[in-house]
Amino acid sequence: MNASLTLYIDSNYVSPYAMWAFVALREKRLSFAVQPVDLAARQHHDAAFGNRFLTGKVPALVHGEFALAESSAIIEYLEDVFPAPAHPPLYPADAQQRARARQIQAWLRSDLMALREERPTTVIFREPSPKPLSEAGRAAADKLARVAASLIAEGAGNLFDDWCIADTELALTLNRLVANGDPVPENLRRYVQAQWARPSVQSWLRREA
Ligand SMILES: N[C@@H](CCC(=O)N[C@@H](CS)C(=O)NCC(=O)O)C(=O)O
């Protein structure tokens, strides 16, 4: 499919969902335009944006005439429309590993609320928070570390044999703690560092269009 691709993201580059969609496009080696949306100025409330995208949130993808919101839907669409081997895969080839990757993605989007509130992504992309975690935040951090430790083998750089998009999502969530200086087991810290070194993530950090 040769139609042009445009990804709408938040103009501050702090949306985790926008980052995951951006990384997916980069990992697929696709050319795409980036359209920053100023959420503070409520640009996403403009009729032009709201009428085009079902949810009125970023990220949103336009592929030719086709418009799509929701990061997980965007990632799965890219995997379907730009399959391997022409484009590197975003998910493991094995059905059970693929299901496990999606399990992690769904979990990270629906749990750990206290951690996500007390360690917003600005602690990664801007500056750390001086506030200690509340009891609920600590419990969420402990759960995240427990689950991640059960998934990531000692010294492993990826969840499965090869990188998949769930790695970027898990690494960002762990980085809410690592970047803030909160205690995280060394094994997980090294996993985050390995994931953060990927060119696709670095491209997001450099705000490359
Ligand atoms: N479930 C959505 C969440 C997207 C989302 O919450 N985006 C935020 C930025 S992080 C947004 O657009 N907020 C503006 C608003 O809700 O008014 C996804 O995975 O894409």
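## Ground rules

Because the model is predicted, local features need pLDDT of at least 70 and side-chain atom pairs count only at pLDDT 80 or more, while totals for chains, interfaces and linings use all residues. Residues are numbered from 1 along each chain as its sequence is written, and side-chain values use heavy atoms, with hydrogens and water left out.

## Around the ligand

Let's start with the ligand. Around it you'll find Ser-15, Tyr-17, Leu-39, His-44, Lys-57, Val-58, Pro-59, Glu-70 and Ser-71 (a residue makes this list if one of its heavy atoms lies within 4 Å of the ligand). Sorted by class, that shell has four nonpolar, three polar and two charged residues. Here Ala, Val, Leu, Ile, Met, Phe, Trp, Tyr, Cys and Pro count as nonpolar, Asp, Glu, Lys and Arg as charged, and the others, Gly among them, as polar.

Now for the polar contacts, meaning pairs of N or O atoms within 3.5 Å; within protein, one atom must be able to donate a hydrogen and the other to accept it, and residues adjacent in sequence count only if both atoms are side-chain atoms. The side chain of His-44 has an N or O atom 2.8 Å from a ligand oxygen. In the side chain of Glu-70, an N or O atom sits 2.8 Å from a ligand nitrogen. On its own the ligand has 510 Å² of accessible area, and the protein covers 73% of that (areas come from the Shrake-Rupley method with a 1.4 Å probe; for residues, only the protein chains shown count as cover).

Two packed helices are described by the angle between their axes and the distance between the axes. Helices (H or I, at least four residues) and strands (E, at least two) are DSSP runs, numbered from the N terminus. Axes are lines fitted to C-alpha atoms, for helices over the stretch in contact, with angles from 0 to 180 degrees between N-to-C directions.

Helix H4 (residues 95-110) and H8 have axes that come within 9 Å and cross at roughly 30°. Their crossing is left-handed (the near helix is turned anticlockwise from the far one by less than a right angle; clockwise would be right-handed). Contact, meaning heavy atoms within 4.5 Å, involves residues including Ala-101 and Leu-108 of H4 and Ile-165 and Leu-170 of H8.

What about helix H1 (residues 16-27)? Its axis and that of H8 come within 10 Å and cross at roughly 145°, and this crossing is right-handed. Among the residues that meet are Met-19 and Trp-20 in H1 and Leu-172 and Arg-176 in H8. The contact of H1 with H8 divides into seven nonpolar, two polar and two charged residues.

## Loops worth a look

Which bond joins Val-58 and Pro-59? A cis peptide bond, with omega about 5°. Pro-59 is in the loop between helix H2 (47-52) and strand S3 (60-63). The bond from Ala-84 to Pro-85 is also cis, with omega near 5°.

Arg-29 is not a glycine, yet it has a positive phi of about 60°. Asn-158, in the loop between helix H7 (135-151) and helix H8 (165-178), has a side chain joined to that of Gln-195 by a polar contact of 2.9 Å.
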